[in-house]
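Hello,

Here is the structure I promised to pass on. Please look it over, then read my notes on the aromatic rings below.

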Amino acid sequence: MEGKKEALARMDGGMPVGSKGDAGVENDGKGRTIKFRKPYRFEGKEYTELDLSGMEDLTGADMVAINKLIERAGSSEAGLEMTLEYAFYFAARASKLPVEFFFTLPSNEAARVKSRVINFLYGSD
């Protein structure tokens with residue numbers, strides 16, 4: 001029977017370290033880099049991958065700041081950290097890219113970002 005950690009990794013496209021899975025996830029040992037299925041252009045620059053290793057450096061204060069941003073925009077639902085919008089703000093802080101980068105991603109790549117953030121926050125690394 002598959003353990004919780006393995007199930008979470010599989011949900012997030014996890015593969016053995018150093019391999020590239022069907023989901024285009026380059027596993028750096030912690031699964032913090034997403035290889036885009038096709039190049040993505042944003043503000044005149046082409047991106048082939050997204051490095052989210054900066055998630056390791058974010059703090060509770062960052063999470064509170066993100067919650068306040070979203071609440072000021074009118075959302076007051078419980079479990080904000082499970083939303084796509086929260087994942088975008090979290091990933092923007094981690095990658096040092098503008099949040100607009102994430103809002104204009106193709107839907108399949110946006111879903112992969114959300115999955116990666118949620119797995120980071122709730123997975124058992």
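Phenylalanine 90 counts as buried, at 1% relative accessibility. Buried here means under 20% relative accessible area, with exposed over 50% and partly exposed in between (1.4 Å probe, protein chains only). Tyrosine 86 is buried too, with a relative accessible area of 1%.

A word on the source: this is a predicted model, where local features need pLDDT of at least 70, side-chain atom pairs count only at pLDDT 80 or more, and totals for chains, interfaces and linings use all residues. Residues are numbered from 1 along each chain as its sequence is written, and side-chain values use heavy atoms, leaving out hydrogens and water.

Now the pairs. Rings of Phe, Tyr and Trp (its six-membered ring) pair if their centres lie within 6.5 Å; planes under 30 degrees apart count as stacked, over 60 as edge-to-face and the rest as tilted. That rule gives 10 aromatic pairs.

Take tyrosine 40 and phenylalanine 101. Their ring centres are 4.9 Å apart and their planes stand at 80°, so this pair is edge-to-face. Tyrosine 40 sits in strand E2 (residues 33–42) and phenylalanine 101 in helix H4 (residues 99–103), so the pair ties together parts 61 residues apart in sequence. Helices (H or I, at least four residues) and strands (E, at least two) are DSSP runs, numbered from the N terminus. Tyrosine 40 is buried, at 7% relative accessible area. Phenylalanine 101 is buried, at 0%.

Tyrosine 86 and phenylalanine 90 make a stacked pair, 6.1 Å centre to centre with 20° between the planes.

Best wishes
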